[in-house]
Amino acid sequence: MQSTDTTPGLRFIPLGGVGEIGMNTALYGVDGRWLMVDLGISFADESLPGVDIVLPDIGFAERLPDIEGLVITHAHEDHYGAVPYLWPRLRCPIWCTPFVAAALSRKLDDVPFGREVQINVVQPGENFRVGSFDLSFIHVTHSVPDANAVVLRTSYGNVLHTGDWKLDPEPLVGDKTPVDQLTALGRDGVLAMLGDSTNVLRAGDSGSEAEVRDSLIELVKQQKKRVLITTFSSNIARIGSMMEAARASGRIPAIVGRSMLRMLEAAREVGFLKDAPRAIDAREAASLPREKVLLICTGSQGEPRSALARIAGKSHPFIKLEAGDSAIFSSKIIPGNERKLYDMHNQLVRNGIEVITEDDHFVHVSGHPSRDELERMLRWIKPKVMVPVHGEPRHLRAHYQLAKSVGVPNPVQINNGDVLQLAPGEARVVDTVPVGRLAVDSNRIRGVGDDLFRTRRRLMNHGTIVVSLVLDGYGSVLTQPIVADLGAGDHSVESADRAVIDAVVNAVEALSDDDAAVDERVRDCVRTAVRQAFVLPRDRRPIIEVQVSRLDNRTLDALEDD
């Protein structure tokens, strides 16, 4: 697809978030003008050792002649977390509601270009324009305040981009999802709906935050010693419930974790949690009796640098858990985080801590709609076209089938990078654009196919062998080589078998004078000798690093004279 394409029509292009959970990033094009909705991150798996954060590759968007703006639906990392990394590649203004603006501003305080970002604050329900785009927000209930669906009004018809949402009869923070606005939009006519598919495989409704609050209060009252609860930093309603549980059980709430403190600051800035008890910090909590404090911590997904990870590893400067204390995980496990979380659970249990999860007690409800809620939304909106987004392939397929079952004329299942023409004519994929993932590695952004990650995976899976040689100017071996096996075979780190050392010496001494004078030819012959001499499994391919040092002949002569 040509970046300068100005063909008339209405197009949708997902750059992330379709066929996966996370990294939600979408483009809408109307007659050659472009709008981005959300710019989120995902989290790395074992294929990217040393990496925590993954970003969408927005190379296609960078090549567009003009992106008129970025609209952010809500303050979850998978919808706005990439802004501090990728905004300089777009340099477009941002539109969002007050809580999102407050949370995003705090993120941007940490980057040098933060003051350059133009953030336009829009109230839920307000109409607003982004360049040539006529838009409005519809407030929806989610597990973070101020979440919104986005309505795009175009000459081709209305489009509803639902973002993440649910139907909560008692959301505790913020208003309910306004069913009257959604049904009114459906009566006006909706050409296309792009819809959250995360929980389509779950029957029934998603449940209410008010019910979780009641359950948490009773659970905390039952605990006799120190209690720690962890949840997502952005779940302000849940954190408020934890504070209420502290008050009801005669405890003082303590917030432990920088990201949670910043989210609470943002919430209070825009008027949420006005009546919640005052919370103390980790330093103050350390001085209280164990039965008088409720620790509210970051780290619900096993993040290695989170407050809970440091507490579980006994490296937190202030907070210590002891045998008989309790750790409550008031969250679900995001797919891909299972191993990290189970390792953390086991670490806590080995230390005598009682671990309580949603498998043991009612401590969590999802922020995404279950199947009955999805069906109601489809019946209210009555879209001509429904496109499942925000889900793995099995979720997208189930949402597609649900749309067909309730009579949506044209449900369409697509992939990241598909150019979906919504109008004119029947909705169809007309092209594809390049998409992919970028990794944040030590504050540098690299493609996930970078040689660095291939090398790390090879080191992790196959180990390395390091050979150190000292040669004279003619290429003769002066001292016994040092051969260190680091996870490659059965040899010790300090030394290798005599046969391996002899093989290295013999290989070097067998080189011609010309080859022996060239370091890279020496390295090649040593690598070959080591591979042949080491007894390795057939599928083991360690990295063999050869370090060559040379003493010139004048230096050797001087040493011999001494």
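Buried, in these notes, means under 20% relative accessible area (1.4 Å probe, protein chains only). I'm working on a predicted model, where local features need pLDDT of at least 70, side-chain atom pairs count only at pLDDT 80 or more, and totals for chains, interfaces and linings use all residues. Residues are numbered from 1 along each chain as its sequence is written, and side-chain values use heavy atoms, with hydrogens and water left out.

**Whole chain**

I looked up burial: 56% of the 562 residues of the protein chain count as buried. The C-alpha atoms fill a box of roughly 95 × 70 × 45 Å along the principal axes.

I counted 18 helices and 27 strands (DSSP runs: H or I of at least four residues for helices, E of at least two for strands). Then contacts, meaning heavy atoms within 4.5 Å: among those between residues at least 6 apart in sequence, 72% join residues at least 24 apart.

**α4 and α8**

How do the axes of α4 and α8 cross? I find helix α4 (residues 98-108) and helix α8 (residues 258-269) with axes that come within 9 Å and cross at roughly 140°; axes here are lines fitted to C-alpha atoms over the stretch in contact, with angles from 0 to 180 degrees between N-to-C directions.

I noted who makes the contact: Phe99, Ala102, Ala103, Arg106 and Lys107 from α4, against Arg262, Met263, Glu265, Ala266, Ala267 and Glu269 from α8.

Notes. Buried means under 20% relative accessible area, exposed over 50%, partly exposed in between (1.4 Å probe, protein chains only).
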